[in-house]
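User: Hi! Could you walk me through this model with me?

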Amino acid sequence: MSAHGFKSVYMAASVVGAALGCYLISLNVASERAKLEAVEEKIVLAQRDIRVLQTEIGTRGRLAQLERWNARFIRLSAPSADQFVEGGFQLAALVRPSKRPAIEAPVVLAAAPAGQSLTRPITTSDADDTPPPAVAKAADPAELLHAASYSRPAPVVQKKPAKPELTAAVKPLKSATADPLAPLPLPAASAKAGAPKTSPAKLKDSNAAR
Amino acid sequence: MNAPTPALVARPERLRLVGQRRQVLAVMHQRLMFAMVVYGGIIALIVLRILWLAAFGDHAGRKEGVTALVPARGDIVDREGQPLARTIDAWTISLHPQKIIGNKLELARTLAGLMPEKDEAAYFALLKSDKTFFYLRRRAPPQLVQAINAIGEPGLALYREPDRLYPQTSLAAHVVGYTDVDGNGMAGAERAFDDRLSNPAVRGQPLELSISNRIQQALEGELEEAVAKFSAVGAAGVIMDIHTGEVLALTSLPQLNPNVAGQGSPEARFNRATLGVYELGSTFKPFTVAMAMDAGIIKSFGKMYNCPNELHVANRTINDTHPFGRACSVAEIMKESSNIGSAQIADQLGSERQKEFLKKMGFLDPIAIELKERGRTLTPGNQWNQIERMTVGYGHGIAVTPLHLASGYATLFNGGIYRPATILKVDRDHPAGKGHRVFSEETSYKMRALLRLVVTEGTGKKADAPGYRVGGKTGSAEKYYNRSLLVTTFAGVFPMEEPRYVIVVMLDEPNATPETFGFRTAGWNVAPVVSKTISRIAPMLGVRPDKRREPNMAEVLPFIRTESEH
């Protein structure tokens, strides 16, 4: 009899428990949803800000303004028909060094010290009549052998001299490419379809600007 | 009998009282019961509602409709997606004179310092006014808003309201149009697509125009320079894709800044490219020749016409700027832009056929485009007799818009099919307009060489952009109300051996300069604009310059007599 009486109480308790559980879950879901909505709202606000900023940048950098800057300072002009190349081969042909008769070029040994004489014989044209002394030095095979075997310990003391060398090497490089937007010394000459050597870079510039 | 008997009277009274009490009690019980049921019902309802809300309801802080950014009015972008018109929230400064608590004179002085468009007295008058509301500034810059806020006057209200902004300012102003202060489209695409832009269902998606910002800027830049150089009162320019009818650039000068459209002059608000109609002169001659070819009158460009120094028709005299004084071929007529020759071709064609061709090209109707600013063309109408057809043959006596002309050239060179012009980008959602054939494919093909000849040998030499194979025709027409004023036009197509784009440039009343040696005809002022514009835009349009490619010039060159021969 008593078990019977308690059964209904258990039933009621379990129903209440289940309802409470359901309620807690739904509450949890609702709060999660609220958080999500807050994030979504933040996204929308951020998008709105992005739009405003984009609009501002677009307005400040509008094409009419860019054209005005171009007319005054940058002075890029439309590329002429000659500045277009057919392909990689023609591009390579444009930067090929001019041919020079190399009859007098002295023989260079493959084992010659790299820094000294590798560049000089190539650039030596027929105008340079005196034979370079470096070649005469390099002709001694015993010296070459000696230099090759003793060049290894040199990197041990690289710490101090290396740094000034590095900066010395960087500096001229920097000044050569400094400020590409700076007014050119001869804007009118460079803006036109210039010499074939400069045209690939020019072409790139003017295309990017359009 | 009449004497009252108390016992007999009192009893029924008491009895009645008891009966009444019982009745009253019963009613009270009933009422109490009813109140309890109502009370319980209400409580049950509330409980149920709370349970329902707990189970399925939304929480209190829920915000609706913020999950996506839908602007108050749709964006307008160009074909590459660059914005041309946007709606952003701008600060508005307003004044409520009733709510002012500070010293009004002091405040007027401060306001005049911050916003110098009105003086101190005017501000003071506003502050003392009986009205409740004034706009002091719409679209106020942030610094000004900060300064106004710092005054701390409750009568000065600051709030944000959606505002239409055109980031590219005057670029393509006549295509994009502008809105009034309440955001209703007043001109251009803003007016033509007002429903689409304000419809909440679709305004989240930007409206894509066929305009290309960069091409538009190139055309505007070059035209502006020409207008300044030749002191012209105005100009118009159109660049179109001849196969789809998409308008890539359309401009009308003087410029209009749609951000402050109200400040623009009526002249600036007038769209010369679609609303203004002009007699476009010799640019019509290619149509005359093509019509005659299609009608079987001209079978080869070698067909000869008698070209005297003057032609007298119906009390009028037709002149040439470069009179031949001999027989001349069709190729020569086109090269030297001979009115006399063209008039004879048109005469052979006849009024009916000429009218029919013009009708098919859309020259007798307002231009087919989405814009609402469309001009009615002026034609001879019912008076289409010999002299009329002759003058129409060389582009006089008929006034059309520059966009008509561009559309006509597109028809002539895309293989002979007329397509309505459109300012919407042609893609899957928006296919090109339905076309109909006007000229035969062969005519269209043969005309290429003829128009290329005009640029290589004839009046349009200055329009040539080396490598881009420009073909086209110059036109200089006198204004009908003052013959000393000119409208100069160049209609060109490139690349000529496989036409893809048409460009029409028009200058309104250009003057001569020392550089043009006193000339003010089209070959001297608009042709260079075309050349410069094409060299700028062709690489963007993917047209490769190639100096070795040309249309088949063997069609025309044999029929040109060189100067040394005569």
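User: Where in chain B does B:Pro254 lie?
Analyst: B:Pro254 is in the loop between strand 7 (247-253) and helix 9 (266-269) of chain B. Helices (H or I, at least four residues) and strands (E, at least two) are DSSP runs, numbered from the N terminus. This is a predicted model, where local features need pLDDT of at least 70, side-chain atom pairs count only at pLDDT 80 or more, and totals for chains, interfaces and linings use all residues. Residues are numbered from 1 along each chain as its sequence is written, while chains are lettered from A and ligands numbered from 1 in the order in which they are written.

User: Is the peptide bond from B:Leu253 to B:Pro254 cis or trans?
Analyst: That bond is cis, with omega near 5 degrees. Another cis peptide bond joins B:Phe494 and B:Pro495, with omega about -20 degrees.

User: And where does B:Pro495 lie?
Analyst: In the loop between strand 17 (482-494) and strand 18 (501-508) of chain B.

User: Switching topic: is B:Arg469 buried or exposed?
Analyst: B:Arg469 counts as buried because it has 27 C-beta neighbours inside 10 Å. The cut-offs, with C-beta atoms placed from the backbone, are 20 or more other C-beta atoms within 10 Å for buried, 12 or fewer for exposed, and partly exposed in between. B:Arg469 also has a positive phi of about 50 degrees, although it is not a glycine.

User: What about B:Glu509, buried or partly exposed?
Analyst: B:Glu509 counts as partly exposed, with 18 C-beta neighbours inside 10 Å. Its phi is positive too, about 55 degrees, and B:Glu509 lies in the loop between strand 18 and helix 17 of chain B.
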